[in-house]
Amino acid sequence: MFNTVSRRVVAGNKQTTFQAGMIVRQFSQKLNQQQNGVASLSVEKFQEEMQKAGIQRGYVVYDAEKQQVVTSHPLFAQLGEFISKDKRDFLKHEACFFQVGPKSNLLFSAFLHKSNRGLAHGGVRLWKYNSMEDYVRDGLRLSLGMTRKNALAGLWWGGGKGIIQKTDGATYANDVTRDVIFGEYGKFLSSLKGAYYGAEDVGLTTPDCDRMHNSSRFVSCLSQGIGGSGNPSHSTAIGTVCGMEAAVNFLGMGDLSGKKVVVQGAGNVASFIVEELVKRNVGKVIATDIDKNLIAMRKEQFKHAPNVEFRVVAPNDLSIFAEPCDVFAPAALGGIINSTTIPMLNCKIVCGAANNQLLDPVEHDHMIKNRGIIYVPDYLNNRMGIVNCANECFGYVKNDPAILKHFGRDWDNAVYVIASRILQTSRDQNIPTGLAANKLADEFSEMENPIIGHRGWSIVKSLIEDKWENGQL
Ligand code: NAD
């Protein structure tokens, strides 16, 4: 409808076009506000509304028994209405809890997707969102992603995700500031009594997890110095290389020896991917990064490996996508497999560690399949980030068999075995690999934890009964 209006207007003079364009835009914004209610507010404005209503906490919970959304306050009822009507990202998520940090004044949240495999577990993200809609959608989508990642990895954990709204332009470089933010978030986790376990994600470091741990036991990815599993990058890289090996074998190309691999990024995970590839006698590795100091450091680190090349690239330089190779391994940013880059790809396999590689998880899943390129789903390859720390509450040991089995060929849930299964399903059913992975993950996520399958929902129910919303940090 709007397109029709715009086209008719464009036929008139420029002034009319401009004014009519404004009117259409305002009308569209107003309609959006009416449809989305409080979800169309900025996160900061939503916080103001909470303050006006004298609220520090609130929730939107889906009661599966009654098949209805339960909310804490009228403001959250409006948010609940938006969430429950959504057909794209809301998949009957068990609960969304919100809290304003009393000193940090940042909006904290915990999104719990599904807990029948176990309590919700996933990273906490520190990020700036422009609207409550963006904030909530990301929380819903990421917690669903964690359910799938945990299920495919054979972990007896459900899916959850935490978000802390970042203030525009803030870097939080100061340790004292971080102590306040993550100390408060830790208390928020404690208030949820274990319904959600936080971990490291974008914007957090291992010391931030330690900071949360100062006020909560429901945190993983802690420093080794305090008994945690530390930096998971090496494990993540080995998992990714197992995914590559499965794809190379699936295409009847044998193993990785002699193959050419292009890695986007030369950061933590990428450097270990390069190390693992060198061990496997690859023919050639090219790794790129936008950070010239890092590239200089990597050149020094790999000077013993003549078949490894590091290149500095500009952030908008897409030439690496066109580099002829066997495997293209994204290990920097998300969203880089898209309508612009898919036609450029000159590889047989895309298999990397970066999160959310497909800009559109449906459209680009199909598009890459139609190009005849094998895409090994990212959340299968990079599972070791969460696997490495998911069970550290039981203690952490070097060469832990519970970790090493993910890299083997025998265990049903090993990266190689699951990747091979997904690629075969994709071929047999003529469906994209991302879809095949989601189907299998959703099947696994339905399995009930035989001991604590009921526990997540019981905790949520008890929080509601005990009027969690009236508590304070
Ligand atoms: P990192 O910050 O150490 O490395 C990312 C690198 O990408 C940086 O060096 C950065 O300069 C580079 N980069 C940014 N834009 C680029 C571009 N256009 N071209 C080339 N390089 C570019 O992060 P990391 O821990 O190595 O993680 C890499 C990816 O893997 C991320 O997407 C992360 O979410 C994902 N991941 C990591 C882990 C883990 O264990 N660290 C686990 C799961 C997923």
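**Domains and basis of the model**

Domain bounds are taken from an automatic or database domain assignment. For the protein chain this assignment gives domain 1 (3-230 + 457-470) and domain 2 (233-431), and 29 Å separate their centres, taken over C-alpha atoms.

The model is predicted: local features need pLDDT of at least 70, side-chain atom pairs count only at pLDDT 80 or more, and totals for chains, interfaces and linings use all residues. Residues are numbered from 1 along each chain as its sequence is written, and side-chain values use heavy atoms, with hydrogens and water left out.

**Confidence**

The mean pLDDT (the predictor's confidence in each residue, from 0 to 100) is 92 for the protein chain, with 93% of its residues at 70 or more. Over residues 1-21 the pLDDT is below 50. Where pLDDT is low, the predicted coordinates should not be read in detail.

**Domain interface**

Domain 1 and domain 2 bury about 1700 Å² between them, 59% of it on carbon and sulfur atoms; buried area is the accessible area (1.4 Å probe) that two parts lose on being put together, summed over both. In domain 1, Lys149, Leu152 and Ser229 lose the most area to domain 2, together 37% of what that side buries.

**Nonpolar core**

A nonpolar core is a set of buried (under 20% relative accessible area, 1.4 Å probe, protein chains only) Ala, Val, Leu, Ile, Met, Phe, Trp, Tyr and Cys residues joined through side-chain atoms within 4.5 Å. The largest has 101 residues, and Phe97, Tyr185, Val263, Ile273 and Leu277 have the most contacts inside it. Both domain 1 and domain 2 give residues to this core, so it lies between them. A second, separate core of 25 residues includes Val60, Leu75, Phe111 and Leu140.

Conventions. Buried means under 20% relative accessible area, exposed over 50%, partly exposed in between (1.4 Å probe, protein chains only). Contact means heavy atoms within 4.5 Å.
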